[in-house]
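This report concerns the structure displayed below. Please keep the sequence and the model in view while reading.

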Amino acid sequence: MTKPVQTLANHRALPSPLFLTAFVILVVNVGWQVTGAIRAPAFGSVLAVLVALSLIAVLMVARRSAQIVQDRVIRLEMQLRLARVLTSDRHGDIARLSLSQLVGLRFASDAELPGLVQETLAGSLGNPAIKRKITHWQADWLRV
């Protein structure tokens, strides 16, 4: 199956259907458990509410942990890519870029990266502004 061309309009990654389904089920479960605790307050019903809330917390922490690992990989990938694309006298610029800026720059083609890095550092552009300036998108469909 061929993926569509990635652009600013379609680059956002949505949570997987499995994650969304699990989240909805867990939220419904919290509502069910809270209703039960209100109707028949007891240690067991309160504990059931706490367990239901804990399950949502575990799901969210698992997703956030995956996102943190993804951000670390993006940072490393972009540091290596920029070291290859930028001239040696501009390698110091790499350390001046924030993670958010690196995340935005990763969608740019190698040809436009040097100019975007210079513009980003000169104007302190953030992620959304960087993405709006990209003309030749480098697709990334493997995201959390």
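The sections that follow describe a helix, the nonpolar cores, the salt bridges and a surface patch in this predicted model.

## Helix H1 and its cover

Helix H1 runs over residues 17-39 and contains 23 residues. From the first C-alpha to the last, H1 reaches 33 Å, close to the 33 Å expected at 1.5 Å a residue.

Four residues of H1 are named as buried: Phe 19, Leu 26, Val 30 and Ala 37. The cover over these buried residues includes H2.

## Nonpolar cores

The largest nonpolar core comprises 20 residues. Those with the most contacts inside this core are Met 78, Leu 82, Leu 97, Leu 105, Leu 113, Val 117 and Ile 134. At least two core residues are supplied by each of H2, helix H4 (99-105), helix H5 (113-123) and helix H6 (127-133). H5 provides the largest share, 4 residues.

A second, separate core has 6 residues, among them Leu 26, Val 30, Ala 52 and Leu 59. Of these, Leu 26 and Val 30 belong to the buried residues of H1.

Not counting residues up to four places away in sequence, Leu 105 touches Met 78, Arg 81, Leu 97, Leu 113, Leu 116, Val 117, Thr 120 and Ile 130.

## Salt bridges

The structure holds 5 salt bridges. In one of them, Asp 110 pairs with Arg 81, with the closest N and O atoms 2.8 Å apart. Asp 110 is located in the loop between H4 and H5 and Arg 81 in helix H2, so this pair ties together parts that are 29 residues apart in sequence. Asp 110 is partly exposed, at 29% relative accessible area, whereas Arg 81 is buried, at 6%.

Asp 110 also forms a salt bridge with Arg 84, at 3.1 Å from N to O. Because Arg 84 lies in helix H2 and Asp 110 in the loop between H4 and H5, this pair ties together parts 26 residues apart in sequence. Arg 84 is exposed, with a relative accessible area of 56%.

Glu 119 lies in helix H5 and Lys 133 in helix H6, 14 residues apart. Glu 119 is partly exposed, at 36% relative accessibility, and Lys 133 is partly exposed, at 37%.

## Nonpolar surface patch

Phe 43, Val 46, Leu 47, Leu 50, Val 51, Leu 53 and Leu 55 form a nonpolar patch on the surface. Together they present about 660 Å² of accessible area. Leu 47 lies in helix H2 (residues 43-85) and is partly exposed, with a relative accessible area of 41%.

Note on methods. Residues are numbered from 1 along each chain as its sequence is written. This is a predicted model: local features need pLDDT of at least 70, side-chain atom pairs count only at pLDDT 80 or more; totals for chains, interfaces and linings use all residues. Side-chain values use heavy atoms; hydrogens and water are left out. Patches are made of residues with over 30% relative accessible area and no salt bridge: like charges are joined within 9 Å, nonpolar side chains (Val, Leu, Ile, Met, Phe, Trp, Tyr) within 5 Å. Accessible areas come from the Shrake-Rupley method with a 1.4 Å probe; for residues, only the protein chains shown count as cover. A salt bridge is a side-chain nitrogen of Lys or Arg within 4 Å of a carboxyl oxygen of Asp or Glu. Buried means under 20% relative accessible area, exposed over 50%, partly exposed in between (1.4 Å probe, protein chains only). The expected span of a helix is 1.5 Å times one less than its number of residues. Contact means heavy atoms within 4.5 Å. A nonpolar core is a set of buried Ala, Val, Leu, Ile, Met, Phe, Trp, Tyr and Cys residues joined through side-chain atoms within 4.5 Å.
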